[in-house]
Amino acid sequence: MALRLLSSRRLASAGTGIRSLSSQASAPASNSNRPQDAEDSVHHEASLPNPDPAEGSRSAQLVKDHAKYMLATYARPPPVFTKGQGSYLWDLENRKYLDFTAGIAVNSLGHCDPVISKLIAGQAKRLIHSSNLYYNSWTASLSKVLVEKTLASGAMHDAATVFICNSGTEANEAAIKFARKSGKVLDPEGSKYEIVSFHGSFHGRTMGSLSATPNPKYQEPFAPMLPGFRYGTFNDVEAINDLVTDKTCGVIIEPIQGEGGVNVATDEFLTALAKRCREVGAVLIYDEIQCGMSRTGSFWAHGHLPAEAHPDIITTAKALGNGFPIGAVISNGKVSERMKVGDHGTTFGGNALACRVAHYVVSRLTDPVLLHGVEEMSKVFTDRFEKMQAQYPDLITEVRGKGLLLGLQLTKDPSPIVKAARERGLLIITCGTNTLRFIPSLMITTKEIESGLDILEEAIKATQ
Ligand SMILES: Cc1ncc(COP(=O)(O)O)c(C=O)c1O
């Protein structure tokens, strides 16, 4: 019965979305090697509710025919997404999904923002890439705007320079190298090389970032890790002095751990950590790849902290390109002056196209109206979460996070809820241990949140 009610409501909204997207949906799939009938099925009317595509469906067929060619690094659910707009995605069977994942905190301005799409097309006709051997106007403009907006936001008071790369792990890889170089400058004998990171963190999959990610699930298959990495307990103020020593060249930490379970670092911990880094001459790196770029309602998640708790480096990626791959490392003068020409580089990083996109994204994400909206929408989520917690005290034990990086701590595996939500048209993801994570577009509306949380409640009911 509940399912039927949902289905008629969603049919109505899916119809609207299909019409408004019809011009995009009918764009020629000229370079696609997917079967044309699979592309065409995008135009079919949705059949709701949203059970996962059945065996024999076009989606299932496409997966069967093509997935074997994809190295299996992810366990994906059956839907095949073909288009997106705002907070919604559509699959090959033209089912509509409300997306509370935003491409894992990437599509902060929503899917296929029309200005970004236009801007990509325009820049692609002008200049895509000319290499780091030469200047281009957009790397320079993006670097400038990142520094200026960081300073204006009240975060990292001495932000000075920017290195642009292509992803989060590359940004952290660069930051780790900057810290190692800084250690070499301070101690040419070479004993200042240790990098400190924290349990529960996630910094990426390349060997340096992975070595800073003390999660056996990610590290063990690729052990041994790089030498010189030490791990501490998140928010343990007492342990800082023994952990960060004269041998430490850098400390990397997420002000809010995303993958680790939406764990918020205390102001006391970050302040003590920054103080200790200054005492021993270690570079403090805030990995704001997930929690930065206005996701918490200020440009950087550490923006509310006093200057003495600011980092020497911020790393960013994810939302910086709203889906176009780009990462960046913002450093203060102390770090920048220790890096010399030739110390680090990248072929693609800083290409004109990615930087053009990110330049626009930064201007939108620092709009005070948007930032205020993040706080308001956060409250819509948390008010509802508190009610849900009261209703399901045995299931929901804690509501965590800030802005639109929120987590619901559950007492059991959330996978059945994730599936039940998807089959009712809502995409949510997990993190940490039994945590449901909510990282929607920052443009999400009250109505979308309420309807998504209606679906979530249905999913919880259906799986209890
Ligand atoms: C905090 C944090 N750092 C680093 C990364 C790695 O970013 P990427 O996947 O772009 O390499 C992620 C990705 O989830 C992240 O959340």
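## Helix packing in a predicted model

Helix α13 has 14 residues, which at 1.5 Å a residue should span 20 Å, and its end C-alpha atoms are 20 Å apart, in agreement with that expectation. The expected span is 1.5 Å times one less than the number of residues in the helix. Helices (H or I, at least four residues) and strands (E, at least two) are DSSP runs numbered from the N terminus.

The model is predicted: local features need pLDDT of at least 70 and side-chain atom pairs count only at pLDDT 80 or more, while totals for chains, interfaces and linings use all residues. Residues are numbered from 1 along each chain as its sequence is written.

**The chain as a whole**

The protein chain comprises 16 helices and 17 strands. Of its 464 residues, 47% count as buried. A residue is buried if 20 or more other C-beta atoms, placed from the backbone, lie within 10 Å of its own; it is exposed if 12 or fewer do, and partly exposed in between. Two residues are in contact if their C-beta atoms, placed from the backbone, lie within 7 Å. Among contacts with a separation of 6 or more, 76% join residues 24 or more positions apart.

**Helix α13 and its neighbours**

Helix α13 is largely enclosed by the rest of the structure, because 12 of its 14 residues are buried. Among them are L353, A354, V357, Y360 and V361. The buried residues of α13 pack against α5 (114-126), α6, β4 (159-165) and α14.

With α6, the contact involves W138, T139, S141, L142, V145, L146 and K149 on one side, and A352, C355, R356, A358, H359 and V362 of α13 on the other. These residues divide into eight nonpolar, three polar and two charged. Here Ala, Val, Leu, Ile, Met, Phe, Trp, Tyr, Cys and Pro count as nonpolar, Asp, Glu, Lys and Arg as charged, and the others, Gly among them, as polar.

W138 lies in helix α6 and is buried, with 22 other C-beta atoms within 10 Å. Leaving aside residues up to four places away in sequence, W138 touches A352, C355, R356 and H359. The C-alpha atoms of W138 and A354 are 8.5 Å apart, although 216 residues separate the two along the chain.

| Helix pair | Axes come within | Crossing angle |
|---|---|---|
| α6 (137-153) and α13 (352-365) | 8 Å | roughly 30° |
| α15 (415-422) and α16 | 8 Å | roughly 125° |

Axes are lines fitted to C-alpha atoms, for helices over the stretch in contact, and angles run from 0 to 180 degrees between N-to-C directions. Angles under 35 degrees count as roughly parallel, over 145 as roughly antiparallel, 65 to 115 as roughly perpendicular, and the rest as oblique. Helix α6 is therefore roughly parallel to α13, whereas α15 and α16 are oblique to each other.

The crossing of α6 and α13 is left-handed, and that of α15 and α16 is right-handed. A crossing is left-handed if the near helix is turned anticlockwise from the far one by less than a right angle, and right-handed if clockwise.

In the second pair, P416, I417, A420 and A421 of α15 meet I455, L456, A459, I460, A462 and T463 of α16. This contact consists of nine nonpolar residues, one polar and no charged.

**Helix α14**

Helix α14 (residues 368-391) has 24 residues and reaches 35 Å between its first and last C-alpha atoms, close to the expected 34 Å. Its buried residues are V374, M377, S378, F381 and F385. The elements that cover them include β13 (396-402), β14 (405-410), β17 (435-438) and α16 (446-463).
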